[in-house]
Amino acid sequence: MVSYERLNSEDVRFSSAVLSEDPRPAHEGAAADPEEASLLPRRPPCSVTTFLLVIGALLLLLFGGWLLGALFWLHRPSPDQPHRHPAPGPAPRGANDTAAAPRREACGAVPEAWRFDCYPERGAVVTRELCEARNCCFVPGSSSSSSSSSPGGRNGVPWCFYPRDFPSYSLVSLSDTPLGQKGTLVREVKTYYPADVLTLEVEMRHETDTRLRVRITDPFAPRFEVPISVPAAAAKAQSPDYTVELSESPFGLIVKRSATGVVLLNTTVAPLFYADQFLQLSTSLQSRFLYGLGEHRSTFLHDLHWNTLTMWARDVPPTEQANLYGAHPFYLAMEDGGDAHGVFLLNSNAMDVVLQPAPALTWRTIGGILDFYVFLGPDPASVIGQYLEVVGYPAMPVFWALGYHLCRWGYHTSNSTWEVVKSLRNYGIPQDVQWNDIDYMDRFMDFTFDPAKFATLPDLVKDLHAHNQRYVMILDPAISSSQPEGSYWPYDEGLRRNVFIRDAEGETLIGRVWPGLTAYPDFSDDVTHEWWYDNLRRFHEKVPFDGLWIDMNEPSNFLDGSTRGCPSNSLENPPYTPGVLGGLLRAKTVCASAQQKQSVHYNMHSLYGLMEAKASASALQRIAAKRPFVISRSTFPSQGMYSGHWLGDNRSLWKDLYASIAGILTFNLLGIPLVGADVCGFSEEPQEELCVRWTQLGAFYPFMRNHNALDTQPQDPTAFSPLALKAMKQALLLRYSLFPVLYTLFHHAHARGRTVARPLMFEFPEDVRTYGIDKQFLWGTSLLVTPVLEPGVDYVDGYFPQGLWYDFFTGDSVRSEGEELRLRAPLDKINLHLREGSITPTQAPNLTLWVSSGQPLHLIAALSDDGSAAGDLFWDDGEGIDTYERGLYSYIVFGVAQSAMTSRVIHSSAEATYVTVETASFYGVKQKPSRVLVNSQDAAFTYRANQVLTVGDLGLNLSQNFTISWM
């Protein structure tokens, strides 16, 4: 473990001989100067000679300064010359070799994996002079993994890194508080970033037995804090699962798991920085298994090999090593032995999160405070639940949100949109929701529809409602600002109410988006929320839409900043800029110096999508008095309380199909379980085989929408061959049959913070082979999805953790010791398996979920070796607000033991009385029964050679307890 020692100011040494060598030797015990020893004051000597000498010395100094400046100017590198890595060469020999040698030896002793970057500026070519001016170690690398610059997400081993004795803060006082401890930190040596906060307050709050909060703040000046609601602990945890140790000098935190002694955090590995616009804290990691830290295009398991993840909401199609639409500074980490913990930094400023193979992590942000939460789990699912206790559990979605959604940019008219809907009905293809992209608008302006091309839009929506279907429309936040005064109510009224973001001079900031010149609503202001509601209400009276798709809300801008540019100040050009795409905070968004109600945009930027989602959900609920449906592109922690998310403008490529799984798993960790990717891909031409496989996988996205771009071929199921259409239809009917499972999973997400789409490691945390799997996933605890992700194959390889698994469709069993199996996968099949010990409720599918949800249930019990199984079902009216909180629901628990299935109604409401259980299948019944009883009455049954027992014609009311037994 690398440590470092804090230097006092008098201990600081620089590599330059002029600065590091003191020509005056110190003599211990030297006699005092006679003048110093005198008890009487002496008058300073004064003469003409002295005066002339002083004047001459001053002139000499001025000339010397001019000469040095001229030499520097003459020898500075030309700005036209490309930067190059400095060529490693022999160290210069000189008078300071003796002093420098031990330091360079100490620097070289720091293992490469534990070198923390002292010069993280992107694009900078770091020379020895630049590095040592920061009092850091400079060791040029010789391998391709080394780097003297930071051109992208992968930086390589830093050439310039902190020595072990780099100055940091010291803990100078510590006292107990009702929730833990509070201390004072002092830095004696300033850093190389301006406006160091030299005195800090650190507070450790033992909020619960599984949640520790650590806040590092400026005790003398308020700093921006993220304006989301978090729980306030009332008392100190009595039996915490963690211990906290403090290093005094240099200051550091060491957090351990009490049960195992495993170190979860150790911030003594590198110095703490806390300047006004540069805050940095590093920690060791317990293992290399790290997840979360959205939003990025990557594998589910992050690569710790010198990988930098930048967070600053940005409008860009999913791209590797780029900051994408949302910012989520939370990670889940697996520990040796299968335990898990999580860490959340409550900070919305632009930041880099640097991963290195030590393993270690560095948080580097340019504003706000350091406000950390540590969640102790100990299992992965508990970590996510504890995280969501802080940021908020996700909303329970309206039932039709879980159906099939269809959209495209380029229907061009409402009539052509309508024809697609009718075509799906004619082919018997399930569809719950039809969407329109921006082409429905009049000149791309919000709260309008094209009076010529979309004149029949109100009639289309009326027809959808008549068929128990719904309509969702897109809205961009930017409001057209160039219409004649009095002709466009949203802008005129927005000006009157002062709802728009302002530039640094207090004028309405004008950018450019689809409608041309635009203004941006400030959703941090409650006045804006009311204006937004009024606009939605007025438009709803013309087109009774059912949900909202809020796009371009990073917020996006086709300009960098505004039509007037942005001022040149530290907000626009901070001392350090994280690795944001475009290199500037204002790149394709508004000025960082823009003014919002709660703070400058510099602090608020990545919160924009969250605040728009909150305003939108509130408005929809007021308009319809039902659960709101909102899908947002930009997201931030707590977003799941207000909206879902789609993964952005992906492409019709096989690699995008694969990448979507990591995306949905990551967002389930981040508390936004209503998530999916554009099925068949958004841009580029769809391929039939790819679209079939994508529809099969998409049937298991928590949120399923097919969407494609302007000027591409249609890609709804009716656009393909009869064989492809049949395969897609089967996948959609399968999704609809599993609605009871999906709806119950969303209830557990809403009530307890559980995931819906779930990585295998959540259920098998002791099986390390599951830690990197992102080609398969689970629904809940027991439904294993193994999709085909490659072209031209009729098989798929999947990993089956140890245990007994059953083919969902046939009941055939496979016993695995924890191994990879090859499965048949013709074009019309997606492989689906049930984990032993589970009970899965299904339903006969229909064209809409409104119809399907009234169909009889079929229960599938996948028995363990001991003949046991368990499952549950949550049921309500599907759209009422807070039905769980108000007790307007039914909750039924199913169990199998000793050759008998029982149902137990834990909570009941009228909705359950309308649903019956018609059939039940039992996978893994080892012997053919001689008799089956249903509530003590004989019943007909079938038994197949693959040990599947099926009992039909049950007619059991879901709201009443029942028993099915066999002997």
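Begin the tour at tyrosine 923, a buried residue with a relative accessible area of 5%. The model on display is predicted.

Colouring by secondary structure places tyrosine 806 in strand β37 (residues 803–807) and tyrosine 923 in strand β46 (residues 916–923), so the pair ties together parts that are 117 residues apart in sequence. Tyrosine 806 has a relative accessibility of 2%, and because buried means under 20%, this residue also counts as buried.

Next, select Tyr162, Phe166, Tyr192, Tyr193, Phe273, Phe278 and Tyr576, which together form one aromatic cluster.

Two charged side chains over tryptophan rings follow. At tryptophan 418, the charged end of lysine 422 sits over the ring, 4.8 Å from its centre. At tryptophan 435, arginine 705 lies over the face, and the distance to the ring centre is 4.7 Å.

The last stop is a helix pair. Display helix α13 (residues 654–669) with helix α14 (residues 688–698): their axes are 10 Å apart and the packing angle is about 5 degrees. Angles under 35 degrees count as roughly parallel, which means that α13 is roughly parallel to α14. To view the contact, select Trp654, Asp656, Leu657, Ser660 and Ile661 on α13, then Glu689, Leu690, Arg693, Trp694 and Leu697 on α14. Coloured by residue class, this contact between α13 and α14 shows six nonpolar residues, three charged and one polar.

Key. Residues numbered from 1 in each chain as written. Predicted model: local features only at pLDDT ≥ 70, side-chain atom pairs only at ≥ 80, totals over all residues. Heavy atoms only, no water. Helix = DSSP H or I, 4+ residues; strand = E, 2+ residues; numbered from the N terminus. Buried < 20%, exposed > 50% of the residue type's maximum accessible area, 1.4 Å probe, protein only. Phe/Tyr/Trp six-rings, centres within 6.5 Å; stacked < 30°, edge-to-face > 60°. Lys NZ or Arg CZ within 6 Å of the ring centre and 35° of its normal. Axes fitted to C-alpha atoms, helices over the stretch in contact; angles between N-to-C directions. Parallel < 35°, antiparallel > 145°, perpendicular 65-115°, else oblique. Contact = heavy atoms within 4.5 Å. Nonpolar A, V, L, I, M, F, W, Y, C, P; charged D, E, K, R; others polar.
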